[in-house]
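Here are some exercises to work through with the model open beside you. Try each task yourself before reading its solution.

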Amino acid sequence: MSVVTAASHPDAWLALRAALWPHCPRGRHQEEIDAQSADVRRCAAFLVQDGQGEAVGLIELALRGDYVNGTRSSPVAFVEGLYVAPEHRRAGMAALLLAAAKDWAIRRGCAELASDTGLDNQVSQHAHLALDFEETERVVFYRMAL
Ligand SMILES: CC(C)(COP(=O)(O)OP(=O)(O)OC[C@H]1O[C@@H](n2cnc3c(N)ncnc32)[C@H](O)[C@@H]1OP(=O)(O)O)[C@@H](O)C(=O)NCCC(=O)NCCS
C-alpha cells in the first residue's frame with residue numbers, strides 16, 4: 001500500500017470523488033479538482049493505492065482560515081473528504097491517508113487537524129475516534145432562501 005498525490009492520478013481522483021459524493025455532477029467534480037489543483041498552497045489531496053497499484057481511497061484537505069468549530073488555532077488543516085472503497089475497508093487505508101494528511105498539515109505550519117461527519121455516520125465517527133481525533137462539538141446547520 002502506498003500514498004500518492006491525487007494530482008498525479010486525475011482519473012482515479014475523479015472516480016473516488018464520484019463514489020464519495022455520487023449526487024454531485026461529474027462536471028462539478030472536475031471543476032472542484034481543477035480549483036484545488038490551482039490552489040496548492042491551500043489545498044491537498046492524496047490517494048492510497050493497494051498492492052496492485054490501484055487507487056482505493058482518497059483524502060482531500062484544505063487550510064481553513066475562518067473559525068472552525070472546536071479548534072483553538074488558525075489556520076487549521078481540515079479534512080474536506082475521506083473515502084475508502086467498500087471492499088478495501090478495515091485494512092488501515094484511512095489510517096494511511098490520515099498520516100499523509102498530518103504530514104501535510106504540519107508542513108503547512110498548522111497546530112491542528114480538524115474534520116466533521118454526519119450525526120448518522122456512525123462508521124465515520126468510530127473511525128475518527130480510532131484515528132486519534134477527539135470529538136469537539138455537535139452543531140445543527142440552518143438556512144433560509146432569499
Ligand atoms: C470512514 C472510512 C473512511 C474508514 O476507512 P477505513 O480504511 O475502513 O479505515 P481504517 O481501516 O483505517 O480503520 C481505522 C479504524 O477505524 C475504526 N473503524 C473503521 N471502520 C469501522 C467500522 N465499520 N466500525 C467500527 N469501527 C470502524 C476501527 O477502529 C479501525 O481500526 P481497526 O480496523 O484496526 O479496528 C470508510 O469507512 C469510508 O470511506 N466510509 C464512507 C465515506 C465516509 O463516511 N467518509 C467519512 C466522512 S467524510
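A patch is made of residues with over 30% relative accessible area and no salt bridge, like charges being joined within 9 Å and nonpolar side chains (Val, Leu, Ile, Met, Phe, Trp, Tyr) within 5 Å. This is a predicted model, in which local features need pLDDT of at least 70 and side-chain atom pairs count only at pLDDT 80 or more, while totals for chains, interfaces and linings use all residues. Residues are numbered from 1 along each chain as its sequence is written, and side-chain values use heavy atoms, with hydrogens and water left out.

**Exercise 1.** Find which residues form a nonpolar patch on the surface.

*Solution.* Start with the members: Met 1, Val 3 and Leu 96 make up the patch, and together they have about 240 Å² of accessible area (Shrake-Rupley method, 1.4 Å probe, with only the protein chains shown counting as cover for residues). Helices here are DSSP runs of H or I with at least four residues, and strands are runs of E with at least two, numbered from the N terminus. Finally, Leu 96 counts as partly exposed because its relative accessibility is 31% (buried is under 20%, exposed over 50%, partly exposed in between, with a 1.4 Å probe and protein chains only).

**Exercise 2.** Trace the salt bridges of Arg 17 and Arg 64.

*Solution.* Recall the rule: a side-chain nitrogen of Lys or Arg lies within 4 Å of a carboxyl oxygen of Asp or Glu. By this rule there are six salt bridges.

- Step one: Arg 17 pairs with Glu 60 at 2.7 Å, N to O. Arg 17 belongs to helix α1 (residues 10-20) and Glu 60 to strand β3 (residues 55-64), so the pair links distant parts of the chain, 43 residues apart. Both Arg 17 and Glu 60 are buried.
- Step two: Arg 64 meets Glu 80 at 2.9 Å, N to O. Glu 80 lies in strand β4 (residues 76-84) and Arg 64 in strand β3, so this bridge ties together parts 16 residues apart in sequence.

**Exercise 3.** Which backbone atoms lie by an oxygen atom of the ligand?

*Solution.* A backbone N or O atom of Val 84 is 2.8 Å from an oxygen atom of the ligand. For Gly 92, a backbone N or O atom is also placed 2.8 Å from a ligand oxygen. A polar backbone atom of Ala 91 is 3.2 Å from an oxygen atom of the ligand. Taken alone, the ligand exposes 910 Å², and the protein buries 73% of that.

Conventions: Polar contact = N/O pair within 3.5 Å; in protein donor to acceptor, adjacent residues only side chain to side chain.
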